[in-house]
Amino acid sequence: MLSPTARPTRRFTGRSNHLARKMAATLAVLSGLSQWTPSVHAQEGVAVKRGGVIRYGHFQEPACLFGGWVQQWYLQRQYSDNLVARSDDGKIAPWLAESWTISDDKKVYTFEIKPNVKFTDGTALDAQAIADNINGWLSNNPDLRNPTAAPYLSDSFELAKAIAPQRLQVTLKVPFEPLLNVFAQSSQGILSPTALKRGLAVNCEKPVGSGPFIVDKWRHGREVTFRRNPDYNSAPAIAKHQGPAYVDGISWKFLPDQTVRYGSLITGETDAIYDIPAVAWKDANSRFAVLRHITGGTPLRLALYAARPPFDDVLVRKAFAYSTDRKAAVDTSFLGSLPFEGNGALSQSSPEYLHELGQAYAYDIRKANQLLDQAGWTERDRNGVRVKNGNSLTVRISYSNAFLKPDGEQALQVIQQQARAAGFDVRLQPTNPADFFAGRNLGPDDYEIVLLYWVAPGAEIFRISWKPDQNGEPNRFNPSRFQDSALWEVIQRAEQDFSSAERKGLYQQAERKIVDEAPVIGFTVLDVTLATSPSLKDVWLDHGSVGEPVFYDAHFDERK
Amino acid sequence: MSRSVEVTVSRPLGELLEFICYVPFRVAASLATIGFFVLAAIAPKVLQTHDPLAIDLSSSLQSPSIVHWLGTDQLGRDLYSRVLEGAGQSLAIGLGATALSMSVALILGVAAALSGGLLDSILTRIFDVLFAIPTLLLALVFVTVFGPSVLTEVIAVGIGTAPGYARMIRGQMLSIKGTGYVEAAKALGHPFPRIVWRHILPNAMSPLTAMVTIGVGQAIIWASGLAFLGLGVAPPAPEWGALLNAGRNYVIYAWWLEIIPGLAVTIFALSLTIVGGHLQDRLEGKI
Amino acid sequence: MLQAPPKPVSQQADLLTVDSLHVSFGRDISAKAVVRNVSFSLRPGRCLAIVGESGSGKSVTARALIGLAGRHARVHARQLSFDGTDLIGLHDRGWRRIRGNGIGFVLQDALVSLDPLRRVGKEIGEGLRLHGAVSSRQELAQRVIALLKLVGIPEPEIKAKQLPQQLSGGQRQRALIAAALALDPHLLIADEPTTALDVTAQAQVLALLEETKTRGKALILVSHDLAVVSRVADEVLVMRQGEVVERGTAAQIFGDPRHSYTRQLLDAVPSGRPRGSRLSSSAIGEQTEPAVQSPQTSRPIVLEATNLVKRFKGPDGTLRAAVDGVSFELRSGETLGIVGESGSGKSTMARMVLALEGPDGGAVQFEGRAWTTLAERERRARRRSISIIYQDPLSSFDPRWTVGRILSDSLSMDVETSRKRQERVIELLDLVGLSSALLGRRPLELSGGQRQRVAIARAIAPNPAVIVCDEPVSALDVSIQAQVLDLLDDLKRHLGMSYLFISHDLGVVRHISDRIIVMRQGRIVDCGATEEIFLNPQSEYTRSLIAAMPRLVRDPEISRPSMMLERGIA
Amino acid sequence: MLILMNGNEAVKRVAHNPLVWFARRILSGVAVVWAAATFAFLIQCLLPGDRAQIIINVRSGNVGPAAPAELAAINAQYGFDQPLVVQYAKYVWRILHGDLGESYQQHRAVAGIIAEQIGPTIVLAIAALLMAWAIAILTTLLIAGRDNIWSKLLSGAQIFLATVPPYWLATILLVIFAVNLRIFPVVGESSPMGLVLPTLALALELSGFFGQVVLNEFTRVLEQPFVTSARARGMSDFGVRLHHVLRHAALPGITLSGWALGKLLSGAILIEVVFARQGLGGVLVAATSSRDVPIVSGAVLISAGLFVLVSVIVDLAYRILDPRMKLT
């Protein structure tokens, strides 16, 4: 892990301590699950200062306080609880589910739900409530459908139902090992079914969960204020304490301008900020506590359109990769704030990540030229652009600043220049978020390369990226259009394999194949960075999920 | 119709000479500045010291120095050369937008002023409505509908500023329509189209030259405002608004990346305003 | 009357002494001074008139006396003292004590000399307030009303609360005088106080100034109008191009002018000069035979207006007749003068004659054929047969066009070749006494007199049958006015067209017209041959106009008009 | 000099009966708002691409084509499948009931979104208007008709300010006064101190425009005979400027205020983005880049309404300041 701050120890007190022991006992009986053993707070007995409101400066403001965009996950993490949690090392830990069992055919999951948990609107959080949530995610009701869970589970999910007040059963059509990983992502936080009946408009504005904070008010364009849930009793096992949060609330400000955002931390107008500007990276590390999480799932990568020339030829795809010194581009553009990621298949924080692929296709212009010659792109026109059969080697890169930080554009400009040396004519097609979402510059004939990422804890993302088109319905999440049935076979086998070692092996087999075929080329990672003022302690990023900032354990220094 | 007696042919030339010889210092300096940027727009290579697109990762984010007069950006590109390179696109946008808004304004304004009656009131209402919508908002509407591009930017700024011009042209035309010399021409029995062509239009147009001059500067400011919001031209084109937008992220640590493009916009618009104001003063006979 | 205690002033000593006054403008020391070497002195109860044409420096001289010669003005004098105070080098505060308090100043054209956004009463009381002459608001109000009464404004309580534009021209001018008199200053300086006023109002203002003088105030009257000055002045200073050309008592200046320029000015005054006689100096004494003196009933009618009516929408939305049933005829070679005060409808009538405005009733026939009732398309070809000369020639020229182009444009269509057209243009210039060197000039580059000559050349260019002259000389200095009138006379003799001559100036109309129509509120109140009208006016109104007409009083001691100012006449 | 509405425009429009005048103003204002509403509706229809597709992708944060069933659901929900005329009639009907439609992205009523955002924007705009006026009038009082180095510097500064892009100025002010000198807060929010820098950034540009207009008029009025008259009564230079000239010089500026509002709203959009302030700006920019047309067209409608309102106020102010309006 790259987090510069040491992982603080955790702390259990009173009733939660009891809970933890009970949990440990329950867990021991589970089969097929690695054991969860919480460590105990080293400074037990030292009172933590309570009170205060955290002023947190965030980057983008979503249109709804929950949903499929990662910006929405961050918010949801504060006010809702998930069925299960995922620890830093990828192990699944109890949260709303105190324990669970998986049937032998791996198709039936039975969860024991934590008792006495209530949503903040007073609705009981029981098995039925969770079942309603899960069934809603996969329904076609636009108010309930979950844009993250659906693509993962639509092929395997059958039904969720409460078989007892505190016992939930999820039935699958086919085994799907990453199910619990999916449940552990913040976008799958459980919301009050009573509240959900109010309709999307109200829920977006004031969603109701059971989490440590309650959405108090959303002043659009300015901030979301959260207040402490005084009755909070359902913290995940991976948290540092149990019971209500220490601080009185969070003022979650939206400060899209990075100068303002970073400036506000400098002047002490905020206690923590999200996304440290690259240009301030060094300064931030010297002044503030810096937290960082490199998200799992795919890295930020270049997807090469492999279904038509020139990138239908694997030699050309590889040549493009060799011709660009992406490491130099990333290092300069992000000024060291983001690492280069050569592995286009999987991000380095995923458990299945293969380090040896991290430097794949290192800059080698000779090799690039060689491959292109080999692929028949031998002629060059006046401008030095390679030509084959009268066609120029033109490469259009579509991208949007919804998926790329400001500095990323600079890196693309470097790539543009470097690839020119090998005879690529690279053209940038920046697209504003709306157009990008509307599919502009993303049609089959609109691009050769597109820049995208998809956050997830790990390799389960392969399903989304590489599921081949079925029944004429294209996989809209596979922009490289690379379809390989052998690869899909391996991925499916991995998903159904419950032995971690074997599954990891299978996923890594797929990972090698992807890198080798080069339908996607690594570029950099998506990271979550947080700078916190020295007086704010114990803020952490949920490394087990996608690095959501967690303020539940946070508290102010005595000095404040 | 009648053949006019042109006694002094070389008058316009003489006036131009006179204009150049007897301008105040600030106007001369402004003309020089405009000339510099126009030259940069036409032949950027002449004035540039570096390739504006050449990335030199070893000299990234250097402050202004003898080698890089105005410093470098994150990719080590020479800012001075980039600003000059951007002049072309910025000027084109400014000119294009002004030309568009002037054409629209001319057609509508002249139509309104000359037709009078119902058509005039309808057109005037239309100006009112468009005038009632803030320029930038109108521009945002266009960007929303057509998506950001150079053309959208030109159209957005052009349409956004047109109602103001149209109103002015209409007012100008109406006031000239009521002057003594138009009446005198009418009393001489000249047909109305001829009066429009020979008296009303030329006299209404001459203040527009000043207006256009100032308008180009304003159009560049509006356009870079759009770019500043990230709704402008695609990189790596160093259009001034794009430079401003990019520089904003570095302003705490590399001030020149924000200050210099902003200064370029300001100085260019200022020069145009000074020259335009001077032209207007001359036309109004104040000098 | 005023409650301010009278200030002790010696009746014998000079109140104001000016010795060798120079005023120049700009930073350039070598620039020629606009006022040079002006000296005079003034005792209480006396009136000094400063007379001259535009550019003579008369106004600058007057303003220098209150330290308001203008920005960048540099004033030098050997002596400049008022009531024992040395005005040379006086600092701003000292000047402010004198202004209003010691010297009252009245500017010309009260419409712009009173703040259009402030109530009249406030404006008048301003001086009182500034100099701390009143202690309370009530006192101020009383004093203002007393002042308004003093200058003869009716209903002073109401008028004090009105805005300047709600007052008539004469009332405004009197209000301005009231403001200047507020602090009972020893000296009143009036700069062109009667210009732009109708004759009746002019007479009232002059009477007021005279009365002020009789109350023992010293008065400096600045004017271009000799006739106005001759009524009030005790001493006269004739200025020309910044210098005093002649100085003397009124009797001497008007009775026995020594300097040729003074004589020239006196001769140029058209009133009282017989028709056909030349006014400008070039032809002094040359008594040409009046061209057309016999009754002209035998000549053919070129233009005939019958029962013309034109209505405009008034501010309250009701229709108001600007011209109300006017009929007249204009015969070939005749000059018909149309006289009236402002608002009498004479200009509207001119526009109808030119068919620039369609009548709401009645019609104009031209050369025996329909004219106003025609469609514009049919009229167009004949339009060149009626020309017009405007009061303000500058605005009637396209500022971008050269004199050559302006004239060429108005030539009749049958001049075909461009050579012929150019010859004709030069001929026209010659006819109006201008050099062909002006061909390339633009209107802005011409002097006022030159412009009016070009306007005349344009009017005669298409060989019209009728020329409508709408106040053609009222914006001109007397000497220029004289030249233009002579020119018009000459042209008529040469070319034989008819004039419809519109003016508010009875003197001018009398000088040039064969017949006269007097208009008031859109109607004809009097009509007849010129001398008949003047000798035997039919209507009361015409009589009052003629009575109010300023005349040159050659010997002021004997023929000073009696105080005929009727209080309350608006 | 400037691209402005004719100062006489207001004068011409004035009828003589105040009630008739007022009624006429209101009627023409309603016509303007109606036309703006129609324009706003047309924008929504003109939008290239499938609206339902955009809505789905904006909601899910995904790209790529959606399934026909999903599209049909959205089309039915928003009534996109009805004929345009019906849509237009419904649209107008809803506007009459204060309903500007629902945001594609925020799933909330546009009227509500604008209502909660417009407050800070208007506060900013009015603060900037007042500050611009104060700066313009103060500098004019000091420099008009004077010929010294200060007047040259200040009038030069006015021209300069009128051409400075306000968003650029805002960034500079922010870095200098908030981040470096820490005099003002970086995140202003609604505190009075936080209002200072954005207001200044907006007002300085506008004061440049105002300043030039007022200064021109001031200089012209200073030469008027009634000013000389007042001086001849012994009034001091400053008194003349304050009591006589200023009121005249302010008149064309008052007329400008309507125009200025449009400019200020434009500027505020940019300034709010720079200062990360709450307000219409952020919402509009977000809506623009996510094609949330109902918000953009709602803003068009509201700002047209505001403009109409302000021009009525401006005309009223003109009538109060210039008593000549009531007569003539």
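## A loop residue in chain C

A355(C) is found in the loop between α12 (346-353) and β15 (361-366) of chain C, where helices (H or I, at least four residues) and strands (E, at least two) are DSSP runs numbered from the N terminus. The phi of A355(C), a residue other than glycine, is positive and near 60 degrees. A355(C) is buried, with 22 other C-beta atoms within 10 Å; a residue is buried if 20 or more other C-beta atoms, placed from the backbone, lie within 10 Å of its own, exposed if 12 or fewer, and partly exposed in between.

## Basis of the model

This is a predicted model, in which local features need pLDDT of at least 70 and side-chain atom pairs count only at pLDDT 80 or more, while totals for chains, interfaces and linings use all residues. Residues are numbered from 1 along each chain as its sequence is written, and chains are lettered from A and ligands numbered from 1 in the order in which they are written.

## Loops of chain A

N116(A), in the loop between β5 (108-113) and α3 (127-137) of chain A, has a positive phi of about 60 degrees although it is not a glycine. N116(A) is exposed, with 11 other C-beta atoms within 10 Å.

P310(A) lies in the loop between β13 (300-304) and α10 (314-323) of chain A, and a cis peptide bond, with omega about 0 degrees, joins P309(A) to P310(A).

## Contacts with chain B

In chain D, 42 residues are in contact with 42 residues of chain B, contact meaning that the C-beta atoms of two residues, placed from the backbone, lie within 7 Å. On the side of chain D that touches chain B, α13(D) gives the most, with eight residues.

In chain A, 21 residues are in contact with 19 residues of chain B, and α13(A) gives the most to that side of chain A, with six residues.
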